[in-house]
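Open the model in your viewer and keep the sequence panel beside it. This tour tells you what to select at each stop and what you will find there.

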Amino acid sequence: MPYQFEEILETVRMTAVEHFDIRTVTLGISLRDCADRDVNVVCQKIYDKITRIAENHVNIAKEVETRFGIAIANKRIAVTPISIPFDNFTRDEYVKIAKTLDRVAEKVGVDFLGGFSALVQKGFTNGEKELIQAIPQALAETKRVCSSVNVASTRAGINMDAVNLMSRQVKETARLSAKDNSIGCAKLVVFCNVPEDNPFIAGAFHGVSEPETALNIGISGPGVVLQAIKEAGNVDFGQLAETIKKVAFKITRAGELIGRKVAEALNVNFGIVDISLAPTPAEGDSIADIIQAMGLESVGAPGSTAALALLNDAVKKGGSMASSYVGGMSGSFIPVSEDAGMIRAVQNGNLSLEKLEAMTSVCSVGLDMIAVPGDTSEETIAAIIADECAIGIINDKTTAVRIIPAYNKKVGEMVDYGGLLGSAPIMEVRKLKTNNFVLRGGRIPAPIRSLTN
Amino acid sequence: MNISESKIRELTIEAIKELGENVTPEKLREAVYKKVEASLTNGNFTQEPKDSGRIIITSYGMNQPGVVSKISTVLAENNCDIQDITQKILQEFFTMIMIVDISNAKISFKEIHDLLTKTAEEINIKIMVQHEDVFRYMHRI
């Protein structure tokens, strides 16, 4: 037999028991050729183009899923940041485009489409300002459209005007979707150093330097890593890293295979594999549980940052050997609402916003799916975003904030979104005033780190 | 770059023929290396390995008479070639792995998958049907 009995059982066990799946197969589509002076023409062009290219996306992904016996949790679409090809529109016209995106996403059968986005780290164009103004309404009146705005980069510094504007939009989005627990905010990400080929919703978009189309893959697999760590037992750190690397290698290889097959069948370019470990609310499919399995009483305990750093680094090392093209975020995700272990840690008072922030300096993304009291001020949210951006620009890494100031909710309450978005306990935020700092406005200059030439 | 096992076998046989009576393990190894290298640099191989046309069927459940026969009947009826079969039984619990060539099968992968799933339900066992590539990608470099 060309394979060992155990090897085959290992793969079967990973997929059947340990929740190993491909987290997302995201089809990136450029909309740069859909520009026109008339918004109705633009909407028609967008609708036609996405329908034409993505028509079979979901079916093909399902076929590949059956063929290899590995589930693909999400089939999604990312488009060119809408503010770039369509820079001449007003707020209401952008809302119209968002509604078109929503319609076409429904038509081709994807649950989310990313790219209602703007890149404003150094300043706004007129169109970008209008688009950002349109975000709350666009998210409230659509179901499937996701929005992201990049407000900082290592090369440009932090655009504090954008940070302040975005914190207002986050609050407004929360208000407009109040009856659904402010779910609008779960579809809105504020970024620093955003990657252009990220397959993960809500921050996905098809960057301007991307080809006409590209298929990007996001792997999953915290459950598989957790099991491997448990089986390894009480080994030293070198051995622990080795164990994680091996698992990461295997799951990334599977991701690469699935990505190439789907891309081939769709006749589009294969882009990258994003080697992020992405948790789901399913029991055992949790980054928090991995940290616990490494020997800490709970995530949030001193040592959590070191544990996460080790995990993240070992996953990258194993994953980068397994795929020809690694990209996107490629680090571990630590969203609160989507990880049963994280939720427990917050509820038990073991994990605070501050510790979470520290942990974001050694993993991808940042403060992700954090619910805070509805009365948290705009300035406080702006300050939280600024902190994350600072971690991003100084360490030359991606950071992001997806924060939900849940309307009318207080610390200790829960907001439930169902499905992969999970449910989030409202976390405490320090009520210290930040106004005089964030409202200075302007741009925090690029760090010395940007001078690499 | 990938080179399939069958291609290596083919090159080895070719080398043995060429060496004739002079063949020693060292000489053969050298000749095969040369041939593999030549094939790779000639660009005879694409970056993607060719679809092997094989699937791996893993089934497990409570042991009972007729499990192997039920599954193999379905395969035989549809012209699928069982190339390898391994089985382990632990008390009443069995695990069986089959490697099956479906390149000459009368029906598609999806149909084989559905038929086997139905059979498994009838005899109350679990079955997984997966294309071989996923194992090759995960366990072979």
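A salt bridge is a side-chain nitrogen of Lys or Arg within 4 Å of a carboxyl oxygen of Asp or Glu. Keep that cut-off in mind for the first stop. One caution before you start: this is a predicted model.

**Stop 1: a charged pair across the chains**

Select A:K261 and B:D133. Their side chains meet in a salt bridge, with 3.8 Å from N to O. How many salt bridges are there between chain B and chain A? The count is 3. Residue pairs in polar contact between chain B and chain A number 8, with both residues at pLDDT 80 or more.

Now color chain B by secondary structure and look at the side that touches chain A. Six elements of chain B each supply at least two residues to that side: β1 (54–62), β2 (81–90), β3 (93–101), α4 (109–122), β4 (126–131) and α5 (133–139). Which of them gives the most? Select α5(B): it contributes 7 residues. By type, the residues on this side of chain B divide into 13 nonpolar, 8 polar and 9 charged.

**Stop 2: the whole contact**

Chain A brings 29 residues to it, and chain B brings 30. The size of an interface is often given as the accessible area lost when the parts come together. Here, the area buried between chain B and chain A is about 2,900 Å². Carbon and sulfur atoms give 67% of that area. Next, pick out B:Y137, B:M138 and B:H139. These three supply 25% of the area that chain B buries against chain A, more than any other three residues.

**Stop 3: chain B by itself**

Chain B has 5 helices and 4 strands. Trace the chain along its sequence and the pattern reads α-α-β-α-β-β-α-β-α. Chain B has 141 residues, and 37% of them are buried. Take the contacts in chain B between residues at least 6 apart in sequence: 66% of these join residues at least 24 apart.

**Stop 4: strand β6 of chain A**

Bring chain A back and select residues 188–192, which form strand β6(A). Is this strand buried or exposed? Of its 5 residues, 5 are buried, so the strand is largely enclosed by the rest of the structure.

Show the side chains. In a regular strand the side chains alternate between the two faces of the sheet. A:L188, A:V190 and A:C192 point one way from β6(A), while A:V189 and A:F191 point the other way.

Strand β4 (residues 145–153) of chain A pairs with β6(A) in the parallel sense, over 5 bridges. Strand β10 (residues 399–406) of chain A pairs with β6(A) in the antiparallel sense, over 3 bridges.

**Stop 5: two serines of chain A**

Select A:S298, in the loop between α9 (287–293) and α10 (304–322) of chain A. A:S298 counts as buried because its relative accessibility is 11%. Beyond residues up to four places away in sequence, A:S298 touches A:Q292, A:S304, A:A345 and A:N350. A:L351 is 53 residues from A:S298 along the chain, yet their C-alpha atoms are separated by 8.4 Å.

Finish at A:S450, in the segment after β13 (443–444) of chain A. A:S450 is buried, at 8% relative accessible area. Leaving aside neighbours within four places in sequence, A:S450 is in contact with A:T154 and A:R155.

How values were computed
Residues are numbered from 1 along each chain as its sequence is written. Chains are lettered from A and ligands numbered from 1 in the order in which they are written. This is a predicted model: local features need pLDDT of at least 70, side-chain atom pairs count only at pLDDT 80 or more; totals for chains, interfaces and linings use all residues. Side-chain values use heavy atoms; hydrogens and water are left out. Contact means heavy atoms within 4.5 Å. Buried area is the accessible area (1.4 Å probe) that two parts lose on being put together, summed over both. A polar contact is a pair of N or O atoms within 3.5 Å; within protein, one must be able to donate a hydrogen and the other to accept it, and residues adjacent in sequence count only if both atoms are side-chain atoms. Ala, Val, Leu, Ile, Met, Phe, Trp, Tyr, Cys and Pro count as nonpolar, Asp, Glu, Lys and Arg as charged, and the others, Gly among them, as polar. Buried means under 20% relative accessible area, exposed over 50%, partly exposed in between (1.4 Å probe, protein chains only). Two strands pair if DSSP finds at least two bridges between them.
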